[in-house]
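Here are a few exercises to work through with the model open beside you. Take each task in turn before you read its solution.

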Amino acid sequence: MEQQLPGVYTAKRKDQSLYFRASLTYRNKHISLGSYDCAEEAHQAYLLAGSVLNDPSVTLGHYQPDSILAFSRWVSLLNYRDNGIYFTTPIYIRPKFFYYYFSLSEFFIFDLEDLFYYSTRRISRRGGHYFVADYGMQVNIMSRYGVKNYAVEGRDYRFRNGNNQDMRYENVEIINRYNGVNAVHSNGKTRYQVKIHVKGNISVGTYDTEEEAAIAYNKAADLLKKAGVNKAYALNYMENMSPAAYADLYASVKLSAGIRNYRCE
């Protein structure tokens with residue numbers, strides 16, 4: 001690459017057309033600022049980044065939507081200036097947690113123990129779900145808390161302080177851990193209702209323990225498949241339960257007549 005204006009370098013695309021890259025060095029670290037169609041834009045990005053890094057009064061609140069710098073880059077620069085660590089993901093560290101920003105008003109709060117994970121993986125959004133690329137797979141970030149992909153906030157899990165941007169482990173409470181299982185509280189007692197979906201939801205039964213309910217769901221799925229239902233039910237995995245204990249519960253758990261007598265039309 002050939003340098004032109006300060007902080008600006010020319011480069012070529014595969015079709016041999018020119019574009020311009022902006023970068024700077026701060027505290028002996030080379031920081032790439034992005035690619036631009038013209039040299040002047042790249043130079044302006046270089047100047048703005050320098051002012052962010054060298055002016056301690058600049059904050060996230062000073063960012064403008066039409067800025068020549070991407071918002072994620074602005075966050076990275078501020079974190080490097082204030083905390084001495086440069087991340088390529090939009091992270092800003094606090095003493096006991098860190099922010100992962102999408103915009104000034106959209107962000108997550110994570111525990112510091114997740115810092116390495118999210119500093120090396122960028123969060124993507126699709127249809128209200130948040131994913132990271134992990135070993136070639138798209139992984140829902142809620143899975144780190146034991147929340148299943150089908151889970152519904154308020155039914156299967158909740159945020160203890162009511163803030164669904166606060167992803168610290170102490171704030172995420174699992175209500176229902178298993179497929180098809182819903183905890184029901186009545187008269188100071190908790191029981192577990194099970195439903196399974198065919199064309200609509202079918203009641204499987206109500207059980208005293210989560211484990212019974214989870215296994216009842218699995219047994220219902222097996223019976224429905226034998227009855228000709230062609231659905232790929234995600235069975236419940238019973239962690240820390242021996243095969244013998246699973247087999248005993250599977251044999252003893254009772255299912256509703258609607259499941260036992262189900263026939264495909």
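Contact here means heavy atoms within 4.5 Å. Keep in mind that this is a predicted model.

**Exercise 1.** Find what covers the buried residues of α1.

*Solution.* Start with the helix itself: α1 has 16 residues and reaches 23 Å from its first C-alpha to its last, close to the 22 Å expected at 1.5 Å a residue. Next, pick out its buried residues, which are Ala39, Ala42, His43, Ala45, Ala49, Gly50, Val52 and Leu53. Finally, look at what lies over them: the cover includes β2 (8-12), β3, β4 and α2.

**Exercise 2.** Work out which residues of the largest nonpolar core touch the most other members, and trace the contacts of Leu77.

*Solution.* This core has 30 residues, and Ile31, Leu33, Leu69, Trp74 and Leu77 touch the most other members. Two or more residues each come from β3 (18-26), β4 (29-36), α1 (39-54), α2 (71-83), β6 (97-101) and β7 (107-111). Now take Leu77: leaving aside residues up to four places away in sequence, Leu77 touches Ile31, Leu33, Ala49, Val52, Leu53, Leu69 and Tyr86. Apart from this core lies another, of 25 residues, including Ala213, Ala216, Tyr233 and Ile259.

**Exercise 3.** Describe how β8 and β9 pair, and inspect the turn between them.

*Solution.* Then locate Ser124, which stands opposite Phe131 in β9. Last, follow the chain through the hairpin, where two residues separate the strands and Gly127 in the turn has a positive phi of about 55°.

Terms used:
Residues are numbered from 1 along each chain as its sequence is written. This is a predicted model: local features need pLDDT of at least 70, side-chain atom pairs count only at pLDDT 80 or more; totals for chains, interfaces and linings use all residues. Side-chain values use heavy atoms; hydrogens and water are left out. A nonpolar core is a set of buried Ala, Val, Leu, Ile, Met, Phe, Trp, Tyr and Cys residues joined through side-chain atoms within 4.5 Å. Buried means under 20% relative accessible area, exposed over 50%, partly exposed in between (1.4 Å probe, protein chains only). Helices (H or I, at least four residues) and strands (E, at least two) are DSSP runs, numbered from the N terminus. Two strands pair if DSSP finds at least two bridges between them. The expected span of a helix is 1.5 Å times one less than its number of residues.
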